[in-house]
Every structure is written in C-alpha cells, then in structure tokens.
Amino acid sequence: MFVELYRGSVLESRHHVHVAVVDATGRLVAQAGDPEYRTFWRSAAKPFQAMPLVEDGVVEGFGLSRQDLALACASHSSEQTQVALVREFLQRIGCSERDLMCGPHRPLSDAVAKDYETRGMRLTAVYSNCSGKHTGMLAIAKHHGWPTAFYARSEHPVQQRCRESVSRWTDVPKQQLGVAVDGCGVATFALPLRNMALAWARMGSGEWGVGPAGANRGEPLPTPHSPILQAMLLHPELIAGEGRPCTEIIRAHPGRVVAKVGAEGIYSALLLREGLGVTLKVEDGHSVASALAIAAVLAELGLKPQPASLLKRPITNSRGETVGEMRVSGGVTR
C-alpha cells in the first residue's frame with residue numbers, strides 16, 4: 001500500500017504504508033506491508049496511557065467528566081474552548097498550568113495557528129496539544145499520593161504506571177517495550193503495529209471493558225464500552241478539532257469508529273461494529289499521507305463514505321493553483 005503524490009500526470013513521490021488489522025483475540029484479519037513493523041506509538045497510545053484514570057479510580061476520586069477523559073486522549077488543536085476545558089480539568093484536580101511539563105508549540109490547526117499569530121497571542125503550556133494528557137497524568141499522581149514534580153520523567157511512578165497499562169493492553173512485556181521521550185516530554189513506547197492494533201480492538205470488546213473503582217482490572221462494564229471509549233465517541237470535537245481528520249472521521253460515522261493520530265505517520269482506529277483494531281505507519285513519517293491512508297483502510301473495511309477531504313489531497317503552488325494531488329494506491333490483503 002502506498003500514498004502517491006502526482007504533479008500533473010507524473011508520479012513524483014511515493015510513501016510506503018504498513019498496516020495491521022486485528023480482532024480482539026489477536027487474529028490478524030488484514031494487512032499491508034509489514035504488520036510486525038516496530039515503531040513508536042506516539043499519540044495514538046494516549047487512550048491507553050489514560051486508562052489508569054478509570055482503572056485506578058481517579059475518575060471517581062476527582063469527579064472527572066467525559067470531557068476530561070476525552071481531553072486526556074486528545075491531540076487537540078489548541079482551540080479556545082479546548083484550552084478552557086483543560087484549565088477546568090486542572091482546577092478540578094487541584095493543579096495549575098505551572099504544574100504542566102509539556103512545552104507550548106504552534107497549534108496543530110493551521111486556522112487556529114494563523115488566528116493566534118494575527119492576534120499576537122503568547123502561547124503557554126496549556127495550549128500544547130498534549131495538555132489534556134499531561135493533566136490526566138497529574139491526576140494519576142495526585143490520586144496515588146505520588147509527587148507531581150517531574151511526573152514526566154520515565155522513572156516517575158506515573159510513567160511506570162502508563163507503561164504497565166500499555167504493556168497489558170498490547171500483550172507486550174514491559175521489558176520488551178522500547179522507551180524514549182515523546183515530543184511533549186513524557187515516555188513514548190515502541191512496539192509492533194500488530195500489538196498496537198490489538199489494544200484498539202480490545203478497547204471495543206466487552207471482555208476488555210474497564211470496570212469502575214474497586215473492580216478488578218479488565219472486569220466488564222454494565223455498559224458495552226469503557227468510559228475512555230465512550231468519551232472519545234461522544235466528544236470528537238475534543239479529540240482533534242475543527243477540520244482535522246480524527247474529528248472528521250468520528251463525526252462522519254457516529255458510534256461506529258474512533259480514530260487517533262500519532263506523530264511521524266502513525267494512525268490507530270477502532271471499528272466498533274466489526275470489532276477490529278487498526279494501526280498503520282507511513283514509513284517515512286508523512287502526516288498527510290497517514291490521514292489519507294487511514295481513511296482508505298477504514299473504507300476498505302466497510303466504513304463508507306469517508307470525508308471527501310480524506311479521499312485525496314490537492315497539491316497547490318504558491319499562487320493557490322492546483323498542480324497535482326496525493327492519493328492512495330493499493331490496499332490491504334485479507
């Protein structure tokens with residue numbers, strides 16, 4: 001499977017895509033390239049780094065909302081509404097922006113970034129796309145009585161707890177997880193695409209639903225899905241933002257799919273009706289190619305139609321003229 005860039009009628013670039021599609025039992029249902037390709041999960045791991053909020057009783061302890069849980073899983077666009085909700089999340093757990101260890105950056109949404117630049121806004125840590133994840137990690141620390149200082153360091157109990165969660169959901173032993181520092185400063189984990197897809201499939205399985213405080217980890221909920229999944233389904237506007245692929249895909253098929261982008265060409269998704277987890281990696285890390293690829297894979301697995309903006313991407317020149325396009329070539333093998 002490839003995402004190809006044509007300038008005029010001539011192929012100019014080709015981005016190789018590796019795909020793993022897995023059911024909740026671990027069976028490989030479909031693939032492209034190398035489904036065992038090992039890479040960093042980046043932000044597509046956020047729901048599983050957020051699972052301790054539910055599994056450890058943090059949600060009940062602080063009275064966290066579904067919006068809080070959605071933000072803990074998000075790579076948000078730094079929209080004003082999103083930032084205000086993160087500030088409320090921080091206040092709910094008795095923390096402030098000063099406690100966040102994620103650095104500010106240009107918003108992931110070009111529209112938001114240009115608006116802030118025009119207004120000369122000074123961005124702080126709460127504007128980071130990962131500020132919700134970091135707030136969730138602060139909540140885990142406070143719930144357990146662990147220090148909030150330096151919570152982002154790999155040796156901190158919060159990061160060790162997140163590593164344990166990733167290991168459990170993916171079936172990769174902790175000692176076999178590659179560990180490095182993510183763009184926002186916390187630990188990120190390297191593992192095969194197939195195991196990443198397994199975790200997403202399990203998130204949609206009743207057997208892997210996450211029980212309330214006091215329940216055994218892995219105990220099914222009385223409702224079909226875990227609170228993390230419910231939050232992502234109900235608040236697509238927080239998972240990414242206006243005009244961004246994750247939000248568009250979830251909105252296009254309410255209750256059918258959740259999708260989550262990661263840096264360097266990673267994308268994960270869950271097809272609820274089919275019970276399938278999907279993870280792909282664009283080998284050269286091209287982010288636009290990864291969005292086109294995940295939409296194409298989901299469509300091939302039966303989720304149609306996909307948003308028009310994800311079927312192909314026009315290539316424009318400096319005058320705004322369309323001079324080519326990016327589109328997906330090939331597909332998955334069942």
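This is a predicted model: local features need pLDDT of at least 70, side-chain atom pairs count only at pLDDT 80 or more; totals for chains, interfaces and linings use all residues.
Trainee: Which residues of H1 and H8 meet?

Mentor: Pro47, Phe48 and Met51 of H1 meet Ala199, Trp200 and Met203 of H8. By class, that contact has six nonpolar residues, no polar and no charged.

Trainee: What makes H1 and H7 roughly perpendicular?

Mentor: The axes of H1 and helix H7 (residues 157-170) cross at roughly 100° and come within 8 Å. The range for roughly perpendicular is 65 to 115 degrees, and H1 and H7 are therefore given that name.

Trainee: Which residues make the contact of H1 with H7?

Mentor: From H1 come Phe48, Gln49, Met51, Pro52 and Glu55, and from H7 come Arg161, Cys162, Ser165, Val166, Arg168 and Trp169. The contact of H1 with H7 divides into six nonpolar, two polar and three charged residues.

Trainee: Why is H4 called roughly parallel to H6?

Mentor: Helix H4 (residues 80-92) and H6 pack at about 5°, and their axes are 10 Å apart. The cut-off for roughly parallel is an angle under 35 degrees, so H4 is roughly parallel to H6. Val86, Phe89 and Leu90 of H4 touch Ser131, Gly132, Thr135, Gly136 and Leu138 of H6. These residues divide into four nonpolar, four polar and no charged.

Trainee: What makes a space a cavity and not a pocket?

Mentor: In a cavity a 1.4 Å probe fits but cannot get out, whereas a pocket is open. A search of the whole structure finds one cavity of 30 Å³ or more, and the largest cavity has a volume of about 40 Å³. Lining the largest cavity are Lys46, Gln49, Ala50, Leu53, Ala72, Lys133, Gly136, Met137 and Ile140. H1 and helix H6 (131-144) are the elements that give two or more residues to that lining.

Trainee: How many residues of each class line the largest cavity?

Mentor: The lining of the largest cavity has five nonpolar, two polar and two charged residues. Gly136 is one of the lining residues, and Gly counts as polar under the scheme used.

Trainee: What is the volume of the largest pocket, and which residues are closest to its centre?

Mentor: The largest pocket has a volume of about 830 Å³. Of its 34 lining residues, Leu108, Ser109, Arg244, Val261 and Ser287 are the closest to the centre. H12 gives the largest share of the lining, four residues. By class, the lining of the largest pocket has twelve nonpolar, 14 polar and eight charged residues.

How values were computed:
Residues are numbered from 1 along each chain as its sequence is written. Side-chain values use heavy atoms; hydrogens and water are left out. On a 1 Å grid over the protein atoms alone, a cavity is a set of points where a 1.4 Å probe fits but cannot get out, and a pocket is an open set with protein on both sides within 12 Å along at least five of seven lines; lining residues have an atom within 4 Å of a point. Grid points are joined across faces, edges and corners, and a volume is the space filled by probe spheres set on the points. Contact means heavy atoms within 4.5 Å. Axes are lines fitted to C-alpha atoms, for helices over the stretch in contact, and angles run from 0 to 180 degrees between N-to-C directions. Angles under 35 degrees count as roughly parallel, over 145 as roughly antiparallel, 65 to 115 as roughly perpendicular and the rest as oblique.
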